[in-house]
Structures are given as C-alpha cells and as structure tokens.
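Hi everyone, thanks for coming.

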Amino acid sequence: AGKMISRFTNVGATYKLESVQEIHAVNLIENKDYLLSSVMPYINFNNTDDFYIPRNGYQAGASTEFAGLGGDSKYLKTSLYLKYFKGLDDLTEHDIIFRYKARIRDLEDLGLINYGDGFYLGGPSSVRGYQSYAFGAKVGEDPYTKYFANSFELSFPLVPSAKMRWATFFDY
C-alpha cells in the first residue's frame with residue numbers, strides 16, 4: 001500500500017510472506033526450509049523528467065524491513081539509494097546521458113538471519129557483467145550483512161525509434 005504525499009514523493013509499506021526452500025546440493029549441506037514474514041515501510045522521491053529514459057533529475061529512497069512477524073527469520077534490513085541523471089547534450093551536442101547510482105544496505109540480526117536473507121552482488125542491478133548472486137557468502141558461511149554498490153554510466157542512442165540505448169559503465 002502506498003500514497004503520493006507530494007508531486008515527487010510517495011510513502012507506503014509492503015508486507016511479505018514467503019516460504020523459502022534453500023537447496024545446497026553442491027556442499028552436501030542439509031536443505032533448510034523456513035518462513036519469512038516481514039513488513040517494510042518506505043519513502044521514495046523522484047523528480048526525473050522521464051519514466052523510461054530519464055535525462056535530468058534524481059531519485060532517492062529509504063526503507064526498513066522488519067522480519068520476525070511470526071516467521072523464522074528475525075532481522076532489521078535498512079536500505080538507502082540515490083540515482084542521479086544528467087543529459088550532456090548541451091555540452092557535447094550529442095544525446096549522451098550521465099547516470100550515477102549508489103545503494104547502501106545494512107542487515108542487523110534480531111534473532112535469526114537465514115542464508116537467503118543476506119546480501120549478494122552481481123547482475124543487472126548491482127555489478128553488471130557478472131552473473132546474479134556472483135558475490136556473496138558461500139554456503140556454510142555467515143551471510144553478508146553490509147552492502148555498498150556504486151555505478152557510473154554514460155548512455156548513447158542505439159535505435160532511437162525504439163528508445164534503445166547502449167552504455168559504457170563502471171560498477172563497483
């Protein structure tokens with residue numbers, strides 16, 4: 001559930017109920033099933049000029065997920081993000097868009113953090129060029145509880161009529 005509280009700002013909360021089955025056949029560790037029940041209030045700000053291909057403006061948000069409402073996992077997961085967009089057509093006379101993206105997350109143990117509750121990097125939303133979940137705790141290790149991802153990108157038109165763009169980026 002959510003509500004716009006101003007032209008650029010919305011607030012809300014989500015409730016999640018998941019039955020999770022972890023499968024670790026590679027290391028012959030016993031499979032574990034658990035129930036995740038959580039609530040997550042959030043606030044988001046977005047003043048970008050276009051939903052699909054923003055050229056100017058920024059997006060920022062914060063959320064806190066509290067797990068332990070009857071489920072097995074018990075934790076507090078805080079997340080902050082910032083995305084900044086700047087069209088460089090005034091400087092270069094070309095349709096180039098600069099994008100900066102940062103996300104920081106923290107996971108605090110309130111009783112039980114299951115392996116699947118931890119943080120992972122890799123894939124299109126964090127470190128592009130690597131498989132999703134490429135970087136994270138190995139089976140049998142404690143899950144990662146800190147997360148920071150940073151990205152710089154320049155995008156250029158590929159097929160303008162289809163609004164397709166190509167990009168060069170640096171993620172870490």
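**Starting from Q59**

Set aside the neighbours within four places in sequence, and Q59 is in contact with F45, N46, T48, Y81, L82, K83 and F85; contact means heavy atoms within 4.5 Å. This is a predicted model, where local features need pLDDT of at least 70, side-chain atom pairs count only at pLDDT 80 or more, and totals for chains, interfaces and linings use all residues. Residues are numbered from 1 along each chain as its sequence is written, and side-chain values use heavy atoms, with hydrogens and water left out.

Where does Q59 sit? Q59 is found in strand β4, residues 56-67; strands are DSSP runs of E, at least two residues, numbered from the N terminus. Q59 counts as buried because its relative accessible area is 14%, and buried means under 20% (1.4 Å probe, protein chains only).

Now for the core. Which residues form the largest nonpolar core? There are 10: V20, Y34, L36, A67, Y75, L107, I113, F119, Y147 and A149. Such a core is a set of buried Ala, Val, Leu, Ile, Met, Phe, Trp, Tyr and Cys residues joined through side-chain atoms within 4.5 Å. One core member, V20, is in contact with K32, D33 and Y34, leaving aside neighbours within four places in sequence. In soluble globular proteins, nonpolar side chains tend to be buried together.

How values were computed:
Helix = DSSP H or I, 4+ residues; strand = E, 2+ residues; numbered from the N terminus. Buried < 20%, exposed > 50% of the residue type's maximum accessible area, 1.4 Å probe, protein only.
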